[in-house]
Amino acid sequence: MALVSYAMLAAKSRGRRYAEPPHPYRNIYARDRDRVIHSRAFRRLEAKTQVFTTRYSDHFRNRLTHTLEVAQIARTVAGALGLNTDLAEALALVHDIGHPPFGHAGERKLDELMRPHGGRFDHNLHALRIVEQFEQRYLDFPGLNLTFEVREGIAKHSRDYNPAEFPELSEYRLDERPPLEGQLIDFVDEIAYNTADLDDGYEAKLLDIGRIRSTVPMFDESYGEVERSHPQGLEKLKFNEAVKTMLDRLVTDLIENTRAEAVGSGMNCVEDVRRLTRRLAGFSPQVATENAALKKFLLDRLYDQPAIVSDRERSVEALGQLFEFYLDHPDAMPKSYAELAQREPRHRVACDYIAGMTDHFLLRQHQDLLGASSASAVR
C-alpha cells in the first residue's frame, strides 16, 4: 500500500545523532524497532507491573505483553491510514521503556521523592535517557543511536512540553506537533490498556458482567449483540467476544476520525502536520465520551480495589525506603552507580538505578538491604 503524502518517510528522516551507513535491507525505522526489542530495558518490561502482580496469575498482562499489544494495534492503525508502519511500531515498542517498577504508582512515587531535591521523574523523559545513555551495546556510540523521529516520539507522543519549562528538550521542536505516527501512540495505548484491564479484572473476578454492563454503555451494547446472537454461549466466551467488538469499535473510530481530520486539514506533507496548532489523531466526540466512561469505570471499580491498592501501597513504600537508603548509602548500589554518585547528584543516580529495576528485584533489594519483609507484596 502506498503511503499518504503526509506520512513520515524514512528517506526524509532527520537522521541519527551519530552517522551510520544504511542497512542493506532494513529502513532506519525498522532498524530502530529492532534495536529497541534487543535492549535490556525492553526485556525488563516482562517483570514490571501493568495492573496485577503475579500473585494473581501468570496469565495477566505485564508491562511487556501490554507493549506488544500496543504495537500490534499501532501497526494496524498506521497501515489503515497509509502511514509509516515501521515508525509507528518502533514508537509503540519504546513508549513504556522508561517505566519504573510498579507502574504509574511507582512513577508518581519517584517524582514525589525527586521534588524536594529540585528534580522530577517522567517516564517519557527517562526513556530518552535510557536510549541515549544507559543502553550500552555498540562500540561506536553511546545508547541506541535511534533516529530523531523515534526520540521525538518518545518525548512527545502523549503530551506537548512547554519549551520554557523543558529547555533540555529544545532539539525536539516543542513548538511543533509530532508526525501522525507519533500522535497515534497515546490513543492505541489507551485502547490496549482499557480493554486489557477490563479483561484481566474480569478474569481476576474483581469485576462482574452485570456491573460492567450497567456502567459502561459501550460494553453493554457489545455484550447485548453477543447475547442475541449466541444466547446459549458460555459467559466467558461471550465476554471475550464483547471485549473484542468493543476494541474493534475503538480502533475503527480512531482510524476513521483521524483520516477525516487529516483530509479536512488540507495537509500535503509531514511539515504541514508539524505546523498545525493542534493534534489530528483521536476519537470522534461520541466514541471519546464512551471511552471516557470505560476509563472512569476502571478507575472507580478496578484500580482502587482493596487487594490492588494494598499491593500497590506496600510496593511503593518499599521503593521509597530504598531510595532514601541509597541516598545515605550510595556504596550499596553497583560500583558504576556508586562512582557516578560521587560526580553527579546522588538523588538522580539513585532514581535512575531504581527506575531500571524490575518489581521483584526491587523487593529483593529492599529485603536484603533493609531487613524488612517485602515478600508479602508479591505473595
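I take a crossing as right-handed if the near helix is turned clockwise from the far one by less than a right angle. With that convention noted, I record that what I am looking at is a predicted model.

Entry 1, the helix pair. I looked up how α3 passes α4 and found a right-handed crossing. The axes of α3 (residues 63-81) and α4 (residues 85-94) come within 8 Å and cross at roughly 160°; since angles over 145 degrees count as roughly antiparallel, that makes α3 roughly antiparallel to α4. On the α3 side I listed Thr67, Leu68, Val70, Ala71, Ala74, Arg75, Ala78 and Gly79, which meet Thr85, Asp86, Ala88, Glu89, Ala92 and Leu93 of α4. Sorted by class, this contact holds eight nonpolar, three polar and three charged residues.

I noted a volume of about 930 Å³ for the largest pocket, whose lining consists of 43 residues, with His99, Gly103, His104, Ala105 and Arg108 nearest its centre. Two or more lining residues come from each of α3, α5 (103-114), α6 (123-134), α8 (180-203), α13 (285-303) and α14 (306-328), and α5 gives the largest share, six residues. I divided the lining of this pocket into 13 nonpolar, 14 polar and 16 charged residues.

By class I recorded seven nonpolar, four polar and five charged residues in the lining of the second largest pocket.

Technical notes:
Residues are numbered from 1 along each chain as its sequence is written. This is a predicted model: local features need pLDDT of at least 70, side-chain atom pairs count only at pLDDT 80 or more; totals for chains, interfaces and linings use all residues. Side-chain values use heavy atoms; hydrogens and water are left out. Axes are lines fitted to C-alpha atoms, for helices over the stretch in contact, and angles run from 0 to 180 degrees between N-to-C directions. Helices (H or I, at least four residues) and strands (E, at least two) are DSSP runs, numbered from the N terminus. Angles under 35 degrees count as roughly parallel, over 145 as roughly antiparallel, 65 to 115 as roughly perpendicular and the rest as oblique. Contact means heavy atoms within 4.5 Å. Ala, Val, Leu, Ile, Met, Phe, Trp, Tyr, Cys and Pro count as nonpolar, Asp, Glu, Lys and Arg as charged, and the others, Gly among them, as polar. On a 1 Å grid over the protein atoms alone, a cavity is a set of points where a 1.4 Å probe fits but cannot get out, and a pocket is an open set with protein on both sides within 12 Å along at least five of seven lines; lining residues have an atom within 4 Å of a point. Grid points are joined across faces, edges and corners, and a volume is the space filled by probe spheres set on the points.
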